[in-house]
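Q: Could you walk me through this model, one piece at a time? I'll ask as we go.

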Amino acid sequence: MGFFSKNYENSYIYKDNDYYVMIGNFNNSTDANNTMISKNINGEVVHIDNSIGIYDNNHLLAVYKNSITIKSNDYISLLNKKYRNLINIICKNNSLSVINTLDIEEYLYGVVPSEMPSSWHKEALKAQAVTARNYAYANLGTHKKDGYDVCDTVHCQVYNGVNNEKQSTTDAINETKGVFAYYNNELINAVYSSSSGGYTDDAENVWNNSVPYLKAVKDEYEEGAKQWTRTFTFDELSSMASIGTVNEIILENSSVTGRVNKLTLIGTNGEKVLEKEEVRTFFSKHIGGSLDSKNFKMLKANNYISANSKQDNIEKDNTIYAISSKGSSAINRDVFVIDKNTTSSEIDNMYVINKNQNISNLLPKNKDDYNTNSNINYVSKLTRKDSNSVTFVGKGWGHGVGMSQYGANSLAKKGYKYDEILKYYYTGIEVK
Ligand SMILES: [Zn+2]
């Protein structure tokens, strides 16, 4: 199995124990001699004139036309990263490509730590290992025409070689070695997202087709789901939608999952109807990017839920900032919402900045200190007459289909085993 490729104009191979450079597949090479050309050199691989040049201490050792293979009895170091097993360097289209060939389980060692924090519960890591294994097999050959299987970016799965490996994720992979998730004896497409916000979604609400094992399930134990708010003025909506002046916005929420299935903007020159993933991605035109999830409600901006009784001095026009420990400061102009029924543990601090730019801390030491304003009203429709801007208040992060990673970690803490976690999120599957 071959994995990942990147184009490097100049690649350097650093000495790392006893590696050696071997001659690879070089059909048209003029200087093939099938012998090991070097051992323990401080090698350097350079792209020269559509060929691969190998230098040792500034001395040109050899030039190869097509490819070389580097093998090591330990790891191969390349561009400050370490790789397992075998590296092919291929000269194609006037640049060098690097391909790491290794066993799929070893590949997962480098992948899973990028997908879930390695400090999370063991059973959650094992569930993630199975989804990654399913995903890797399902995507073998994605880059077949380029001469390898999968790339090392988010396009396939992020892969950073040995440097990224963590003992906890390596253990999770070893302990589920060869285990896959199946539906009707076929490998499932094990899609997942960071957090569902309380309910996962049906595949057909996000993509085109219904999938029997990708059905909405109540994610009631999920803890730590991202909470977010975004505010847009009607003028901003107008410039994004290109339907003249937008005067009205209408949301249709699914009664089961609470997600927005349809968002309609009505302008002076027509309507813009957003459905499926467009409900999120439409907002990528705005500086804040796509919405984090489709699990949101709408309210009139300026209609904020305030913090505890110590904030009596907050005036309606003040702006409230929330600071989270993860650095993802939730900042918005007019509104901040703490939902006492879900977790707001990620919020470390809240500040209010008044018109004179004075900053006062709302000292939210305990989320139970927050009093919600009973006047808050979520609405399904707003017009420019009602308010000059709208605020979305949401939960969750990602498309919401399949496994919720935060939910998986919560289930693991409750005692669920990895196969039970997978069966919770993927309806009717087998894990074996
Ligand atoms: Zn790719």
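Q: How do the axes of α2 and α3 cross, and within what distance do they come?
A: The axes of α2 and helix α3 (residues 167-175) come within 8 Å and cross at roughly 60°, where axes are lines fitted to C-alpha atoms, for helices over the stretch in contact, and angles run from 0 to 180 degrees between N-to-C directions. Helices (H or I, at least four residues) and strands (E, at least two) are DSSP runs, numbered from the N terminus. This is a predicted model, in which local features need pLDDT of at least 70 and side-chain atom pairs count only at pLDDT 80 or more, while totals for chains, interfaces and linings use all residues. Residues are numbered from 1 along each chain as its sequence is written.

Q: Is the crossing of α2 and α3 left-handed or right-handed?
A: The crossing of α2 and α3 is right-handed; that term applies if the near helix is turned clockwise from the far one by less than a right angle, and left-handed if anticlockwise.

Q: Which residues make the contact?
A: On α2 they are Lys122, Leu125, Lys126 and Ala129, and on α3 they are Ser168, Thr169, Ala172, Ile173 and Glu175, with two residues being in contact if their C-beta atoms, placed from the backbone, lie within 7 Å. By class, the residues of this contact divide into four nonpolar, two polar and three charged, where Ala, Val, Leu, Ile, Met, Phe, Trp, Tyr, Cys and Pro count as nonpolar, Asp, Glu, Lys and Arg as charged, and the others, Gly among them, as polar.

Q: And which residues of α3 are buried?
A: The buried residues of α3 are Thr169, Thr170, Ala172 and Ile173, a residue being buried if 20 or more other C-beta atoms lie within 10 Å of its own, exposed if 12 or fewer, and partly exposed in between, with C-beta atoms placed from the backbone. They cover an arc of only 160° around the axis, which puts them on the same side of α3; the arc is that of the directions from the helix axis to the C-beta atoms. What covers these buried residues includes α1 (104-115) and α2.

Q: Moving on, what about α7: which residues are buried there?
A: In helix α7 (residues 418-425), Tyr418, Ile421, Leu422, Tyr424 and Tyr425 are buried. Their arc around the axis is only 155°, which puts them on the same side of α7. They pack against several elements, among them α2 (122-138) and α6 (405-413).

Q: How many residues of α6 are buried?
A: Eight of the nine residues of α6 are buried, so α6 is largely enclosed by the rest of the structure. The buried residues of α6 pack against α2, β14 (192-193), β26 and α7. After α6 comes Gly415, whose phi is positive, near 105°.

Q: Switching to strands, what is the order in the four-stranded open sheet?
A: The order is β18-β17-β16-β24, with antiparallel pairing, where two strands pair if DSSP finds at least two bridges between them. The edge strands, each pairing on one side only, are β18 and β24 (381-383). Neighbouring strands of this sheet are turned by 10° against each other on average, direction ignored.

Q: How many residues lie between β17 and β18 in the hairpin?
A: There are two residues between β17 and β18 in that hairpin. Strand β17 (residues 260-267) and strand β18 (residues 270-275) pair over six bridges in the antiparallel sense, and Lys262 has Glu275 in β18 as its bridge partner. On the other pairing, seven bridges join β16 to β17, with Val246 partnered by Gly267 in β17.

Q: What does Gly244 touch?
A: Gly244 touches Gly267, Thr268 and Asn269, not counting residues up to four places away in sequence. Gly244 lies in the loop between α4 and β16 (246-253), and it counts as exposed because it has 12 C-beta neighbours inside 10 Å.

Q: Where does α4 lie?
A: α4 lies across β16, β17 and β18, running at about 85° to β16.

Q: Last one: which strands form the three-stranded open sheet?
A: They are β15, β25 and β19, in the order β15-β25-β19, with antiparallel pairing. The twist averages 25° from one strand to the next. Helix α4 (residues 234-241) packs on this sheet too, touching β15 and β25.
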